[in-house]
Amino acid sequence: MKRFVVTTNRTTQAQDTVFLGILNSRWPHVGWWHQLTETWLIVDLTGNLTCGALRDAAMEAFPDILHIVIEANGPGKWSAFLRTNDFVWIREQWDRNS
């Protein structure tokens, strides 16, 4: 399993929809969380997705918008201030061991 953080400068809702469409069509096996504007948490259970592939998808969806893709593998530590229901996906998907 691989975990990624994708963060960008300001995007539009239309651009976010394009990015989501790319995720769903190219990598239907990934899970994602996008409750913070300009930030995506992505989980790939197959372990085949790469930072470069996500970077290219972000460049396609968000042309001329700065972004960074970070692979965040291994047991991670995180802390957040979120709505209670936002923690459900993170605990069940992001914190999953495999």
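F62 is buried, with a relative accessible area of 1%. I am working from a predicted model, so I keep in mind that buried means under 20% relative accessible area.

**Entry 1: aromatic pairs.** I looked for ring pairs next and found that the structure holds three aromatic pairs. I took down F19 and W40, which form an edge-to-face pair, 4.9 Å centre to centre with 70 degrees between the planes. I then checked where the two partners sit: F19 is in helix α1 (residues 13-26) and W40 is in strand β3, so the pair links distant parts of the chain, 21 residues apart.

Are F19 and W40 buried or exposed? F19 counts as buried because its relative accessibility is 0%. W40 counts as buried too, at 2% relative accessibility.

**Entry 2: back to F62.** I found that F19 also pairs with F62; this pair is tilted, 5.2 Å centre to centre and 35 degrees between the planes. Again the pair links distant parts of the chain: F19 lies in helix α1 and F62 in the loop between α2 (51-61) and β4 (67-71), 43 residues apart. My note on the group: F19, W32, W40 and F62 form one aromatic cluster.

**Entry 3: helix α3.** Which residues of helix α3 (residues 86-94) are buried? I listed D86, F87, W89, I90 and W94. They lie on the same side of α3 because they cover an arc of only 160 degrees around the axis. On the face turned away from that buried side I found the exposed residues R91 and E92. Last, I looked up what covers the buried residues of α3, and the cover includes β1 (2-8), β2 (30-36) and β3 (39-44).

Key
Residues numbered from 1 in each chain as written. Predicted model: local features only at pLDDT ≥ 70, side-chain atom pairs only at ≥ 80, totals over all residues. Heavy atoms only, no water. Buried < 20%, exposed > 50% of the residue type's maximum accessible area, 1.4 Å probe, protein only. Helix = DSSP H or I, 4+ residues; strand = E, 2+ residues; numbered from the N terminus. Arc of directions from axis to C-beta. Contact = heavy atoms within 4.5 Å. Phe/Tyr/Trp six-rings, centres within 6.5 Å; stacked < 30°, edge-to-face > 60°.
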